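User: Please take a close look at one helix in this model. I would like to know what covers it and how it packs.

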Amino acid sequence: MKLIKGDRRRARAAGLVWAVAIVAASGCGTDHSADPGTVPKAPTVRVEPAVREGALASARVWQAPALPISQANLAVNPRGEFSPDDEVSCRFNPKKVGGTTPKFNCDLPGGETIKIKYGRGNPELNAEVAATRLLVALGFHADRMFVVRRVRCAGCPPFPFQALRCLDRVDVQAACFPGGLDYDRVVDFDAAVVERRIPGRVIEASPDQGWGWFEVGKIDPARGGSSRSEVDAFRLMAVFLAHWDNKDANQRLICPTGADGPEGACTAPIAIMQDLGATFGPTKVNLHNWRQGRIWKDSASCLVSMEHLPWGGGTFPEAKISDAGRQHLLGLLEQLTDAQLRDLFESSGITKLEQVSAESRRVEAWVAAFKDRVKQIRDAGPCPS
């Protein structure tokens, strides 16, 4: 429901009606416990624009993978964390969330806050699992996504995302969580993944600033940032995935744990693609579109563009990829085996989605589409200097 701009009373009233309707539908109006307003908000640290610009200039976008790429196991969750058979228990955190994918924050017994994304048949979950596993295997930085058997959430409303959207729209906690949160009640989510962000501090000068693809040209190897070939490989990887939902907030500039400098500066910042749910499409996990989409706008000049994708390319401007950048990414992708690609698409659940075509349930069709996109990168060279 769109609130009426310029009429605060009518907007608030409309919002309350909307909120009460959600509450009634979810059956969450009879629980009595702590007021969600007593939960402290997570601290937010901002830096001066010049500090953020300096961090971007010295950011790294790639590092040599921890394991040889051909040895990466793309069939399992990241090492040392949750396993697919785990049942994760956590405590609902009513911190507001954005986006359109159902999600909520949840606190583990040790105090760490994780993000839970849920919803049966939601392609964003599968796309993020596959994309992050692929990026990490190739040496790009990414958050960690874990497929688990079940999430058991203490204090969750039956429909947590709707309740949090209510809170975001009307900012009336009593309407969105009537009676408070009942932490004695446990709600199970069987179709869910756990998101664990890269440890460290987000570097931003304004809320949800992130970074846009038009800014990656500011990364300067003379200031400690990635080389031109690494930045171009990073750009080309975004095109390879069809990462069209690339608004600033969907990329992040991070100061890893232990790399803090004075006055908010960072000695080893990294730049990542953060929200990768709208990939392998467009729009999200669509074999036909991903297979038909071309890597190059002009292969002779190695020109890439996302202008034909939703939002006209978003923050991604036309760019000419250097031959060193093309060769860098090609050298990474060509190390992947067919068995690894099958593991990637099957273990992420992409081949099990109910709303996709019959062909897109065949893992070999996804592997063939992946390899065709690699071939497009191979056949384009050499790129002009």
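Analyst: Among the elements that cover the buried residues of helix 8 are helix 3 (123–138), helix 6 and helix 10 (363–380). Contact here means heavy atoms within 4.5 Å. Helices are DSSP runs (H or I, at least four residues), numbered from the N terminus. This is a predicted model: local features need pLDDT of at least 70, side-chain atom pairs count only at pLDDT 80 or more, and totals for chains, interfaces and linings use all residues. Residues are numbered from 1 along each chain as its sequence is written, and side-chain values use heavy atoms, without hydrogens and water.

Helix 8 is mostly covered, with eight of its 11 residues buried (under 20% relative accessible area, 1.4 Å probe, protein chains only). They are Asp 323, Gly 325, Arg 326, His 328, Leu 329, Leu 330, Leu 332 and Leu 333.

Now the packing against helix 6. Helix 6 (residues 228–241) and helix 8 (residues 323–333) pack at about 60 degrees, their axes 7 Å apart. Axes are lines fitted to C-alpha atoms over the stretch in contact, and angles run from 0 to 180 degrees between N-to-C directions.

Helix 6 contributes Ser 229, Glu 230, Asp 232, Ala 233, Leu 236, Met 237 and Phe 240 to the contact. Helix 8 contributes Ala 324, Gly 325, Arg 326, His 328, Leu 329 and Leu 333. The residues of this contact divide into seven nonpolar, three polar and three charged. Ala, Val, Leu, Ile, Met, Phe, Trp, Tyr, Cys and Pro count as nonpolar, Asp, Glu, Lys and Arg as charged, and the others, Gly among them, as polar.

How values were computed
Helix = DSSP H or I, 4+ residues; strand = E, 2+ residues; numbered from the N terminus. Buried < 20%, exposed > 50% of the residue type's maximum accessible area, 1.4 Å probe, protein only.
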